[in-house]
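Please read them alongside the coordinates.

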Amino acid sequence: MAVNNVEQDCIQLSLPLNAAYVSAARLTASSVANRMGFSTDEIEDIKAAVSEACTFVIRKAPANASENFLIQFHMSGDIMTVNIQARGELRQEADEMSLIMIKALMNQLTIEIENDETVLYMTKSHTKSLFI
Amino acid sequence: MDYALDSIFDPDKKRWSVSIVGEVDIFNSADMKKSLTELINQKNTDMVLDCKYLDYIDSTALGALVGVLKHVKSYGGSIYLRNVKPSLSKLFKITNLDKVFLMEGEDDNGSK
């Protein structure tokens with residue numbers, strides 16, 4: 001299947017802070033990663049990392065939060081960047097299992113907390129390009 | 001996508017044999033923990049979790065399994081994880097839980 005039409009595209013998903021929809025984020029992550037040509041193993045990594053990021057946001061969200069959170073999948077050549085943006089200052093604890101997993105599964109994880117908003121940035125690039 | 005547990009008590013080996021099917025995440029991990037805890041409350045024995053049809057497990061589900069394991073260890077029992085897919089065993093390794101659970105492959109019969 002042709003993959004040359006996804007060079008600079010972005011897909012955005014808006015989800016309620018509800019555990020029931022984390023599987024929707026995994027399905028989307030899996031589909032986008034597949035379209036970008038990631039290997040089966042890499043797709044599983046991305047799927048798990050996106051799932052853990054959603055879990056982190058849902059667990060950390062203030063009890064009265066009602067706004068949806070946003071997931072953006074940016075496709076740029078061989079690199080996928082996923083931004084997860086939520087209302088509130090979601091502070092991490094030292095041994096946060098979700099974040100440990102994301103760091104191990106993705107190439108990079110950055111968390112920015114500013115103006116009552118938290119954004120998780122994570123990237124993954126094709127490893128196969130190293131071997132061609 | 002949801003999950004299911006298929007459990008049976010093996011009277012010969014005197015332990016629970018449970019197949020986990022589907023995806024376990026933040027949505028249903030508490031339910032899984034409750035169901036597994038009910039089993040070991042019925043009979044304080046070892047437990048074999050067959051993960052052949054387990055497609056996904058997240059950090060909350062791993063935490064739930066650790067909770068069940070603590071309970072099992074409190075009476076001197078063990079939990080064996082069998083047929084964990086490579087993509088999921090990677091998650092156990094990342095979190096160092098591969099050293100906490102007894103991981104078995106396809107050919108093991110769990111008799112060790």
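1. Order of elements in chain B. From the N terminus on, chain B runs β-β-α-β-β-α-β-α-β. That comes to 3 helices and 6 strands. Helices (H or I, at least four residues) and strands (E, at least two) are DSSP runs, numbered from the N terminus. The radius of gyration of chain B is 13 Å, close to the 13 Å of the globule rule for 112 residues, so chain B is as compact as a globular protein of that length. Here the radius is taken over C-alpha atoms, and the rule is 2.2 Å times the number of residues to the power 0.38.

2. Basis of the notes. This is a predicted model: local features need pLDDT of at least 70, side-chain atom pairs count only at pLDDT 80 or more, and totals for chains, interfaces and linings use all residues. Residues are numbered from 1 along each chain as its sequence is written, while chains are lettered from A and ligands numbered from 1 in the order in which they are written.

3. Extent and burial of chain B. The C-alpha trace of chain B spans about 30 × 30 × 25 Å along its principal axes. Of its 112 residues, 32% count as buried. Buried means 20 or more other C-beta atoms within 10 Å of the residue's own; exposed means 12 or fewer; partly exposed is in between, with C-beta atoms placed from the backbone. Among contacts in chain B with a separation of 6 or more, 68% join residues 24 or more positions apart. A contact means C-beta atoms, placed from the backbone, within 7 Å.

4. Two asparagines in chain B. Which phi does Asn83(B) have, although it is not a glycine? The value is positive, about 60°. Asn83(B) sits in the loop between strand 5 (79-82) and helix 3 (86-94) of chain B. It is partly exposed, with 19 other C-beta atoms within 10 Å. Asn96(B) also has a positive phi, about 65°, and is not a glycine either. Its loop lies between helix 3 and strand 6 (102-104) of chain B. Asn96(B) counts as exposed, with 9 C-beta neighbours inside 10 Å. For context, most residues other than glycine have a negative phi.

5. Helix pair in chain A. The axes of helix 1 (residues 22-35) and helix 2 (residues 40-60) of chain A come within 8 Å and cross at roughly 150°. Axes are lines fitted to C-alpha atoms, for helices over the stretch in contact, and angles run from 0 to 180 degrees between N-to-C directions. The two helices of chain A are therefore roughly antiparallel, a term for angles over 145 degrees. By class, their contact has 8 nonpolar, 4 polar and 3 charged residues. Ala, Val, Leu, Ile, Met, Phe, Trp, Tyr, Cys and Pro count as nonpolar, Asp, Glu, Lys and Arg as charged, and the others, Gly among them, as polar.

6. Contact between the chains. Chain A gives 16 residues and chain B gives 13. On the side of chain A, helix 1, helix 2 and helix 3 (97-105) each give two or more residues. Helix 2 of chain A has the largest share, 7 residues. By class, this side of chain A has 9 nonpolar, 4 polar and 3 charged residues.

7. Start of chain A. Asp9(A) lies in the segment before strand 1 (10-15) of chain A. Asp9(A) is partly exposed, with 13 other C-beta atoms within 10 Å. Its C-alpha atom is separated by 9.6 Å from that of Gly77(A), 68 residues apart along the chain.

Technical notes:
Contact = placed C-beta atoms within 7 Å. Parallel < 35°, antiparallel > 145°, perpendicular 65-115°, else oblique.
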